[in-house]
Amino acid sequence: MLDVKAGDEQSFTLLLHRYRSPLVNFLYRMVRNREQAEDLAQEVFLRVYRARENYVPSAKFTTWLFRIATNLALNSVRDTRYQRMEISLDAPVTVDAEEGEEKTLDIAEKHQNIEQHLVEETRKKMIRHAIEKLPEKQRAAVLLHKYQELDYGEIAKILQCSESALKSLLFRAYETLRVELAPLVAQQGKS
Amino acid sequence: MGREGEVMSCSRMENKILGYVDGRLRENERLEVEKHLAGCAACCLRVNEFRAVSGLLEELPMIEPTAAFDLRVRARVAAEPVKQSWWAWLIPAPRVTIAALVLMLATIWVGTASKNQPQIAQEDIPVLENYDVLSNFEPLTELPQPVQADDGGQQQSPQMSGEMKLRLQFGGGLLALGLSAAMALPSAAQSHNNRPPQQQRQPHAPRQTNRPPQQPGGRPQNKPPKNDGPHHNATPNRPSPYQQTESMGMIGGDRPQNLAGESRRQPNFNPNRPPKADNRLRNFSPEERQKLQQAERRFGQLPPQQQQEMRERARVWAKLTPEQQNHIRNDVLPAWKQLPPARRNAIKSRLNVLQNMPESARNQHLSDANFTRGMSEEDKALLRDLSHMHVGAPDSAGE
């Protein structure tokens, strides 16, 4: 980022390649809309670019990056809350949203029968819905913790809370997930 | 769930359990948790369930950004201005910018029309331009008024101050340009061209001897702004180059009342001015400006009543034909200056008597020895000369 600050456009390209996928995934899990997630991710990079001259490396770059992304995502979720309420959480998952998964399933279908495919689909749908039902801040904490593998200190800075509050937040989120995913958790335990 | 006496309570486990599942605890913390878990089946179960939840979350596949993602980011970055300057707002709206610039130029033009001049009141310029004549030739206001002619109105087109008209034309043009640039409406420009051309360039017929006091039919078409009074600035037979564009000279030609207010709107007094009368102040040479300023100083020192008289003289002066003006300036004034006050007053008083007389009565008076009693032959000749000098009419030779 310091190279970007110095005007090195190539470094910005490197940042883009390195963080585009984590950012898009995080935002996609947050807003549950691929197009919107990509728009937000573009906005994140744009803000990074705009702020390059004033960037001060007081924290890890990822912390700063995901803090921007989280704020954008939380704002977006709050802005579209009423709009999203009109869409049933139980509505079938669109092809667009699960494009990546479909590719995986296409390969898997070669080895699995349709019944297995439906079971897998149901499991994923349950997991997605369980995450989706989490309050926004808990959802962000879980996503940053589980998928971005950021440490507690970083996540706490991103969410602008103490580490202790973050641990409590994560505990409540996992408790909710444990209840929501109880059937799958039981299966997981048996296996 | 929790048990008293344990190394760590179940409530404390809440903050450690996830770190333990993820393997993020420090060694001493991990040992502490494991000690608790060894004696707490509930927490042990929760740990296992959290592990299961964590495993389930891993089942969700990752998605990849679309191929256009990078392009879009680069496009948005490229669209970012390198350095936003304060005038960058001009770029998105060039049409508005042009309109604003045109209007700004018009404003500057109007402003500079007075700023480029010496600090002289516009309405007094006609006085100051001819200050020497006006201050020394008192009988100007005693000169006979022109006799009205029946056909005067037919020959006189509606007139307006050339300077005022040019200013209106130019200002209107700028305004139309601004509007058309802003709105892209050709009609906006047309409105400028809709001015009656015959009033702007109508050639004048040969001068008329007499004029009606007012041309009410001509004024509404070319009424200049702020002008609610008569105009006397041009005579119909004035051969000055701008005469053809001036067409208000006959209006109010014989209305000496309200002269003070009217003179302020009569910047067109000098018959020798160039056609672009509105620029004459800007075109003054430094010497001329200095002269004007000197005259202004002298004029400013006069009492208001005398200033008013000077303005009235200026108004009469403006109605004189160039020949009459030259005659006064070159022939009459030098002689007038030589006269003692008593003789001047004698001539003035008689001129005043003759001023509104019919021609025959005037000649009769001039021939009457009683009327000119006590006057020298030189004074009588001067009186005769002046008494036949009808304001704005042809020279007295014809009379």
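Start by selecting Arg32(A): this residue comes just after H2(A) and takes a positive phi of about 60 degrees. Helices here are DSSP runs of H or I with at least four residues, strands are runs of E with at least two, and both are numbered from the N terminus. Before moving on, note that this is a predicted model, where local features need pLDDT of at least 70, side-chain atom pairs count only at pLDDT 80 or more, and totals for chains, interfaces and linings use all residues. Residues are numbered from 1 along each chain as its sequence is written, while chains are lettered from A and ligands numbered from 1 in the order in which they are written.

**Chain A, whole**

Now colour chain A by secondary structure: you get 11 helices and 0 strands. Contacts, here, are pairs whose C-beta atoms, placed from the backbone, lie within 7 Å. In chain A, 64% of the contacts with a separation of 6 or more are between residues 24 or more positions apart.

**Back along H2(A)**

Step to Tyr19(A), where H2(A) has a kink of about 45 degrees, shortly before Pro22(A). The bend is the angle between axes fitted to the seven residues ending at a position and the seven starting there.

From Pro22(A), jump to Gln148(A): the two are 126 residues apart in sequence but 7.0 Å apart in space, C-alpha to C-alpha. Gln148(A) sits in the loop between H8 (136–146) and H9 (152–159) of chain A. Why does Gln148(A) count as partly exposed? Because it has 18 other C-beta atoms within 10 Å. Beyond its neighbours within four places in sequence, Gln148(A) contacts Pro22(A), Phe26(A), Phe66(A) and Leu143(A).

**The cores**

Next, pick Leu27(A), Val44(A), Ala69(A) and Ala141(A), which touch the most other members of the largest nonpolar core, a set of 66 residues. A nonpolar core is made of buried Ala, Val, Leu, Ile, Met, Phe, Trp, Tyr and Cys residues joined through C-beta atoms within 7 Å. H2(A) supplies its largest share, 10 residues. Zoom in on Ala69(A) and, leaving out residues up to four places away in sequence, you'll find it touching Leu23(A), Phe26(A), Leu27(A) and Val44(A). Another core, of 26 residues, lies apart from that one and includes Ala318(B), Ile328(B), Leu351(B) and Leu383(B).

**Where the chains meet**

Show both chains: 35 residues of chain A and 28 residues of chain B take part in the contact. On the chain A side, H10(A) gives the most, with 8 residues. That side divides into 14 nonpolar, 9 polar and 12 charged residues. Charged means Asp, Glu, Lys and Arg; Ala, Val, Leu, Ile, Met, Phe, Trp, Tyr, Cys and Pro are nonpolar, and the others, Gly among them, are polar.

**Chain B and its H16**

Chain B has 19 helices and 0 strands, with 33% of its 399 residues buried. Select H16(B), residues 322–338, and find the bend of about 45 degrees at Val332(B), with Pro334(B) following within four residues. Which residues of H16(B) are buried? They are Gln324(B), Gln325(B) and Ile328(B). Finish by showing H7 (131–136) and H15 (304–319) of chain B, the helices that the buried residues of H16(B) pack against.

Note on methods: A residue is buried if 20 or more other C-beta atoms lie within 10 Å of its own, exposed if 12 or fewer, and partly exposed in between; C-beta atoms are placed from the backbone. Two residues are in contact if their C-beta atoms, placed from the backbone, lie within 7 Å.
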